[in-house]
Amino acid sequence: MAIYLFMNVGTWAVILCMRQKGQMLEGIADLSGLGRSQPGLALRAGDLHVREMAGIPPTAGFFSKLYIFLAAIDAKLVGPP
């Protein structure tokens, strides 16, 4: 749960920090050029949080999802009834 908390809170914090000309970003089109205007924020959002939320190995999000699936298999919650 701590990993999911970090992923979600971090993602929302990055989104809330995104500003352009003093205004908060409201649409997907507003994210265009974020790498040029705020490279650190774009790297944090794109590289760290999105990869973790997607569960791409070897991030913590991958391992948390893996352990959830392994627990479901051990509890026999998967497969035919």
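Which helix does Glu 52 lie in? Hello everyone, let's start there: Glu 52 sits in helix 3, residues 39-54. Helices here are DSSP runs of H or I with at least four residues, strands are runs of E with at least two, and both are numbered from the N terminus.

A quick word on the model. This is a predicted model, in which local features need pLDDT of at least 70 and side-chain atom pairs count only at pLDDT 80 or more, while totals for chains, interfaces and linings use all residues. Residues are numbered from 1 along each chain as its sequence is written, and side-chain values use heavy atoms, leaving out hydrogens and water.

The pLDDT, the predictor's confidence in each residue from 0 to 100, averages 81 over the protein chain, and 98% of the residues score at least 70.

Now the overall picture. The protein chain has four helices and two strands, in the order α-β-β-α-α-α along the sequence. Its C-alpha trace spans about 55 × 25 × 20 Å along the principal axes. The radius of gyration is 17 Å, whereas a compact globule of 81 residues would come in near 12 Å; that value is taken over C-alpha atoms, and the globule rule is 2.2 Å times the number of residues to the power 0.38.

Back to Glu 52. Is this residue buried or exposed? Glu 52 counts as buried because its relative accessibility is 7%; buried means under 20% relative accessible area, exposed over 50%, and partly exposed in between, with a 1.4 Å probe and protein chains only. Across the protein chain, 20% of the 81 residues count as buried. Leaving aside residues up to four places away in sequence, Glu 52 touches Phe 6, Met 7, Thr 59, Ala 60, Gly 61 and Lys 65, where a contact means heavy atoms within 4.5 Å.

That brings us to helix 4. Which of its residues are buried? They are Gly 61, Ser 64 and Ala 72. These residues lie on the same side of helix 4, because they cover an arc of only 75° around the axis, taken from the directions from the helix axis to the C-beta atoms. The buried residues of helix 4 pack against helix 1 (2-17) and helix 3. On the face turned away from that buried side, helix 4 carries the exposed residues Tyr 67, Ile 73 and Asp 74. After helix 4 comes Lys 76, with a positive phi near 60°.
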